[in-house]
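Please open the structure in a viewer and keep the selection tool at hand.

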Amino acid sequence: MRIEELPTPCYVVDEKKLKENLMILNRVRQETGCKILLAQKAFSMFYEYPLIGRYLDGTTASGLYEARLGKEEMGKENHIFSPAYPEKDFKEIASICDHIIFNSFSQLMKYKDRCPAGSVGIRINPECSTQGDHAIYDPCAPGSRLGVTREAFREDLMQYVDGIHFHTLCEQNADDLERTLDAVEEKFGEFLFQVKWLNMGGGHHITREDYDIGLLIRCIRRMQEKYHLDIYLEPGEAVALNAGYLATEVLDIVENGISTLILDASAACHMPDVLEMPYRPPLKDGHEPGEKPYTYRLSSNTCLAGDITGDYSFEQPVHVGDRLYFQDMAIYSMVKNNTFNGMALPSIAVMKEDGECEMIKKFGYQDFKGRLS
């Protein structure tokens, strides 16, 4: 089956591109000795975990369910961070996780005696914002609940801490990591000599074409050589960057000052980061509005007036029944799906290296109803 034969809407993961990304990440591992974990919050299609596990060291989770998935489906190192751990979940978390990172010293003191030896980490907030206008993604924004600031840091409790974690980046290059490390060293450097590992979190866009891998390697070695630490990275987007598509069909065309394509895919339901960031996703054969002869607004079949993916122009007119393919749809798409308006969840398929597609999962009415019963 080829991609144009798949039912719509449908996510399609491109295994060739996924493998290319993994090989880049593996190069960083091999040249530095650092460990790289898949951040499942960005990509948790466990069908691909055997492939990912051949190149990476394990998984990191944001809660019990992700931790269980990483343990069951990849079975390598299994790390977790959460702003707070529910009492009812912690016994199982402690039984399946290698590193347990706490967001506060109060959480650390509550659970430290129930953690495996050598696993306890504390998340810090170096108060070094590099996000620009995207405060929603900035853990260092004023008043952030994520990580312990230097002012709130408990030096007297460092005897219970095995590692330090920070996560401040989002789709950024290594220059922002270098700047962040300066802040980390300035505010927390004395404590790095007291721990065994440093986790630099995620948000490193390592597999992006313009990413400065050489600088990343120098940053890793800097912390290894100065503090004699094991280094962890937790990329999510970099693992599956540009490795997926969302296939959709044009259901209708509405005219009201602009020609609007009504699609069977929805930004609100299937590409929520389009509205949250916001951003305009790449589209195969789509261009900037006005750049080509035919410009359309791409919208969806929901009742939400603002459920709009963006404006695109095309070389040729678009017709009802045509297929369009959004790109870079492996990350933060499947993991954020919802069924608002009773919209169908997209099917999930894999495109093999020869271009043949395999259907992995189809969803139906019971998947919608089952979440509401």
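Predicted model: local features only at pLDDT ≥ 70, side-chain atom pairs only at ≥ 80, totals over all residues.

How many salt bridges does a search of the whole structure find? The search finds 28 salt bridges.

**Salt bridges**

Select Glu15 and Lys352. These two residues form a salt bridge, with their closest N and O atoms 3.4 Å apart. Glu15 lies in helix H1 (residues 15-32), whereas Lys352 lies in the loop between E15 and strand E16 (357-361), so the pair ties together parts that are 337 residues apart in sequence. Glu15 counts as buried because its relative accessibility is 13%, under the 20% limit for that class. Lys352, with a relative accessible area of 26%, is partly exposed.

Next, select Arg297 and Asp311. Their side chains meet in a salt bridge at 2.8 Å, N to O. Arg297 belongs to strand E12 and Asp311 to strand E13 (residues 308-314), so this pair ties together parts that are 14 residues apart in sequence. Arg297 is partly exposed, its relative accessible area being 27%.

Move on to Arg208 and Asp210, whose side chains meet in a salt bridge of 2.5 Å, N to O. Arg208 counts as partly exposed, at 26% relative accessibility.

To close this stop, select Asp182, Glu185, Arg222 and Lys226 together. A network of salt bridges links these four residues.

**Aromatic rings**

How many aromatic pairs does a search of the whole structure find? The search finds 13 aromatic pairs. Select Tyr85 and Phe102 to view one of them: the ring centres are 5.5 Å apart and the planes stand at 80°, so the pair is edge-to-face. Tyr85 is placed in the loop between strand E4 (77-81) and helix H4 (87-96), and Phe102 in strand E5 (residues 99-102), so the contact ties together parts that are 17 residues apart in sequence. Both Tyr85 and Phe102 are buried.

Phe102 and Tyr111 are both buried.

**Charges over rings**

Select Arg123 and Phe81. The charged end of Arg123 sits over the ring of Phe81, 4.8 Å from the ring centre. Then select Arg280 and Tyr312: the charged end of Arg280 sits over the Tyr312 ring, 4.0 Å from its centre.

**Cysteines**

How many disulfides does a search of the whole structure find? It finds zero disulfides. Select Cys10 and Cys357 to examine one case. The sulfur of Cys10 has its closest cysteine sulfur in Cys357, at 7.8 Å, which is too far for a bond; the cut-off for a disulfide is 2.5 Å. Cys10 counts as buried, at 0% relative accessibility. Cys219 is in no disulfide either, and the nearest cysteine sulfur, that of Cys34, is 12 Å away. Cys219 also counts as buried, with 2% relative accessibility.

**Backbone details**

Most residues other than glycine have a negative phi, and most peptide bonds are trans. The next selections depart from that pattern.

Select Thr8 and Pro9, which are joined by a cis peptide bond with omega about -10°. Pro9 lies in the segment before strand E1 (10-14). Another cis peptide bond joins Met277 and Pro278, where omega is about -10°. Pro278 is in the loop between helix H10 (273-276) and strand E12 (294-300).

Asp285 is likewise placed in the loop between H10 and E12. Its phi is near 65°, a positive value in a residue other than glycine. Is Asp285 buried or exposed? At 54% relative accessibility, Asp285 counts as exposed.

Now select Asn341, in the loop between strand E14 (323-327) and strand E15 (347-351). The phi of Asn341 is positive, near 70°, and this residue counts as partly exposed at 42% relative accessibility.

**A nonpolar surface patch**

For the last stop, select Leu275, Leu304 and Phe340. These residues make a nonpolar surface patch of about 230 Å². Leu275 is in helix H10 and counts as partly exposed, with 37% relative accessibility.

Conventions: Residues numbered from 1 in each chain as written. Heavy atoms only, no water. Helix = DSSP H or I, 4+ residues; strand = E, 2+ residues; numbered from the N terminus. Buried < 20%, exposed > 50% of the residue type's maximum accessible area, 1.4 Å probe, protein only. Phe/Tyr/Trp six-rings, centres within 6.5 Å; stacked < 30°, edge-to-face > 60°. Lys NZ or Arg CZ within 6 Å of the ring centre and 35° of its normal. Patch = residues over 30% accessible without salt bridge, like charges linked within 9 Å, V, L, I, M, F, W, Y side chains within 5 Å. Areas by Shrake-Rupley, 256 points an atom, 1.4 Å probe, with all protein chains shown as cover.
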